[in-house]
Structure formats: structure tokens, C-alpha cells
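Dear colleague,

Please find the structure below, handed over for your study. My notes on it follow directly after.

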Number of protein chains: 2
Amino acid sequence: MRLSKTSEYALRVLSYMVNSDQQVFTAKKLVETLDVPDKYLRRLMTDMSKKGFIRSIQGRIGGYVLAKSADTLFLIDVIDAVEGIEKYNGCIMGHDKCSDSNPCSLHKSYIPLRKQELEFLSKTSISTLKDGTIRKF
Amino acid sequence: MRLSKTSEYALRVLSYMVNSDQQVFTAKKLVETLDVPDKYLRRLMTDMSKKGFIRSIQGRIGGYVLAKSADTLFLIDVIDAVEGIEKYNGCIMGHDKCSDSNPCSLHKSYIPLRKQELEFLSKTSISTLKDGTIRKF
DNA sequence: CTTAATTACTACACAGATATAGTATTTTAT
DNA sequence: ATAAAATACTATATCTGTGTAGTAATTAAG
């Protein structure tokens with residue numbers, strides 16, 4: 001499972017937010033802490049606020065806050081929003097017509113693994129990331 | 001697990017070769033059969049022959065043949081050769097210093113899955129793809 | 001009101017993966 | 001020898017994800 005940079009950044013942000021006791025986070029603070037390019041992070045935050053994962057507060061004392069209860073936001077939601085989940089649901093050989101009834105030669109051995117991946121993404125919520133640890137990387 | 005197009009193409013070729021009773025395959029034939037761009041496939045075949053997975057035969061009756069016994073060639077070898085395997089071995093959040101002793105907040109839950117993925121790739125040989133079926137997609 | 005500190009928007013730049021085009025080389029058949 | 005059928009090489013084009021730059025809009029403080 002190889003997420004896009006954008007998904008990685010999104011998860012870093014959410015993981016950081018949920019593990020901090022602060023409520024509001026400025027882009028500046030996130031950039032300093034999380035090793036994510038400034039402008040790119042800002043755009044991502046705007047995107048995520050449009051998706052309803054976070055809420056943005058404009059103006060002088062602005063920033064971002066989590067908008068959903070962390071246990072109702074799952075990895076798969078975040079990934080689907082920022083890069084699309086379809087990629088992780090296709091044939092491993094890229095045959096678009098591969099299916100149970102017309103399987104590629106890897107289908108049978110790969111499907112259980114893919115199922116586990118999707119389960120991991122759909123069952124892991126942002127609250128799972130909450131362990132009270134403030135990490136430095 | 002989302003392979004690069006190039007890896008997908010490589011696996012399609014090898015799967016097709018191992019499931020056919022032919023010995024020699026021209027690029028023309030592979031392109032017609034496998035829905036892979038002509039010139040791109042040719043370069044990939046040259047690359048794979050340099051890696052020793054296949055042998056290329058030049059000249060008028062040329063083409064490509066499998067160069068290794070199919071049960072000694074594993075998915076991970078192919079993927080590592082054409083796109084590099086490191087990508088599939090990093091932190092899911094992209095922290096380069098993430099490790100067992102300095103884990104990201106997803107580390108513990110993700111590691112078992114990653115292990116399974118790598119096992120799948122290292123244990124699945126090209127001969128696994130051999131089931132005698134000639135597929136059309 | 002004016003300034004300062006923040007987010008939002010738009011356009012552009014860069015890099016790597018993917019794809020194409022054209023030419024050269026190799027080998028066989030005649 | 002020459003032509004034909006194949007692969008090899010090199011350069012360029014395109015596309016997509018990632019990153020940057022500059023300006024506008026919003027809000028609070030003084």
C-alpha cells in the first residue's frame with residue numbers, strides 16, 4: 001500500500017491534531033511541525049475543509065479545527081477524498097475487465113490481500129491514531 | 001497495493017508468456033494481445049532482458065523468450081527491477097524516520113498488513129501465474 | 001480606520017512516469 | 001548482396017502529482 005504524498009500529508013495533519021490538546025491549529029504551526037510544504041499544505045487544508053473533515057477559521061486568529069468526531073472519520077474517507085480510492089480497488093495487473101468471473105492469473109491469490117487492505121482502511125478511524133504521543137520526526 | 005503501469009505491463013507479459021505454449025514472442029504479438037503501448041513495451045522488454053528475466057533474439061526471426069525458470073522468478077524481483085520496491089516498504093504516513101522504536105501513530109496497526117504484502121510479493125513466483133488459461137481482456 | 005495575521009484563490013513551475021517518433025542495428029531468406 | 005523482419009537506441013512529447021509564487025479576502029486588535 002503506497003499512498004500518495006497528499007494522502008500522507010493529510011494523515012500526518014489529522015494524526016497531529018487528534019493527538020494534541022490544542023483545538024485550533026494554524027497552517028504555520030502545522031508546517032513547522034509536520035515537514036509538509038507550506039503552500040501545498042494550505043491547499044490541502046482548504047480541500048479538507050470543503051470535504052468537511054476540518055473547519056477553517058479565517059481572519060487574524062484563524063486556523064483549523066477538526067470538524068468531525070475522530071471516530072467517525074476513517075482512513076478510507078480521507079484517502080478517497082484526496083486521491084480517490086479506486087486505484088486501490090483495481091486489478092493488480094491493470095486489466096480493467098478483470099473480475100471473479102473473468103480473473104487475471106493473480107486474481108485468486110491477490111484478492112484476499114486486497115480485501116484486508118480495504119478493511120484496514122475502512123475500519124481504522126482517526127481516533128485510532130490518538131495515543132497521546134506528540135511525535136517528532 | 002497499487003503497482004506502476006510499468007510493473008503491470010511487465011506482469012501481463014510474463015503471465016502471458018508462461019501461459020502460452022509458444023516459446024518465442026515478438027513485440028508485435030505481445031502488443032496485439034496485451035493492450036500495452038508498442039514502443040513502451042519494446043523498451044520494457046529490452047530492460048527486462050538486461051535484467052535477465054527474458055532473453056531477446058534479434059534479427060528476422062527474433063523475439064523474446066523467458067530466460068529464467070518461472071519458479072525462480074518472483075513478483076518482487078520484477079517489481080523491484082522496473083519500479084523499485086522501496087516505495088512499498090516505507091512508513092504509510094511517509095515519515096522517513098518511522099520505525100519500531102519511533103513509530104508513527106499507524107505503525108502498529110499497519111505493519112502486519114505490510115508484512116503480508118511483501119510476503120505475497122516475495123512468495124509468488126511467475127510459475128504461480130501458470131494455469132494454462134489464455135485470457136482475453 | 002488602519003494594520004496585522006491569518007486563510008483562499010489562481011496561475012504557473014517542476015519532476016517523474018508514461019507514451020511516441022524516428023533512426024540504427026541485427027539477422028534471416030532469397 | 002539485397003531486402004525483409006525483427007529488436008535497440010535516442011530524443012522528444014505528454015500527463016499527472018507535487019510544489020511554488022503572488023495576490024485577494026477575512027477577521028481581530030489597537
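I begin with one residue of chain A: A:Asp35 is found in the loop between α2 (27–34) and α3 (38–51) of chain A. Here helices (H or I, at least four residues) and strands (E, at least two) are DSSP runs, numbered from the N terminus. Please note that this is a predicted model, in which local features need pLDDT of at least 70 and side-chain atom pairs count only at pLDDT 80 or more, while totals for chains, interfaces and linings use all residues. Residues are numbered from 1 along each chain as its sequence is written, chains are lettered from A and ligands numbered from 1 in the order in which they are written, and side-chain values use heavy atoms, with hydrogens and water left out.

A:Asp35 is not a glycine, yet its phi is positive, at about 55°. With a relative accessibility of 60%, A:Asp35 counts as exposed; the classes are buried for under 20% relative accessible area, exposed for over 50%, and partly exposed in between (1.4 Å probe, protein chains only). In chain B, the loop between α2 (27–34) and α3 (38–51) holds B:Asp35. B:Asp35 has a positive phi of about 55° as well, although it is not a glycine, and its relative accessible area of 61% makes it exposed.

How are the two chains related? Chain A is superposed on chain B by a rotation of 180° with 0.0 Å of shift along its axis, at an RMSD of 0.1 Å. That is the relation of a two-fold axis. The superposition is by least squares on the C-alpha atoms of residues with pLDDT of at least 70 in both copies. Among the residues of chain A, A:Met1 comes closest to the rotation axis, with its C-alpha at 2.1 Å.

The next point is the interface. Contact means heavy atoms within 4.5 Å, and 35 residues from chain A and 35 residues from chain B take part. Of the interface residues of chain A, 100% are also interface residues in chain B, so the copies meet through the same surface. The two chains bury about 3300 Å² between them, 64% of it on carbon and sulfur atoms; this buried area is the accessible area (1.4 Å probe) that two parts lose on being put together, summed over both.

Between chain A and chain B there are 13 residue pairs in polar contact, both residues being at pLDDT 80 or more. A polar contact is a pair of N or O atoms within 3.5 Å; within protein, one must be able to donate a hydrogen and the other to accept it, and residues adjacent in sequence count only if both atoms are side-chain atoms. On the side of chain A that touches chain B, α1 (5–19) and α5 (107–123) of chain A each supply at least two residues. The largest share of that side, six residues, comes from α5(A).

A:Thr6 lies in helix α1 of chain A and is buried, with a relative accessible area of 16%. Not counting residues up to four places away in sequence, A:Thr6 touches A:Tyr40, A:Leu44 and A:Val82.

Yours sincerely
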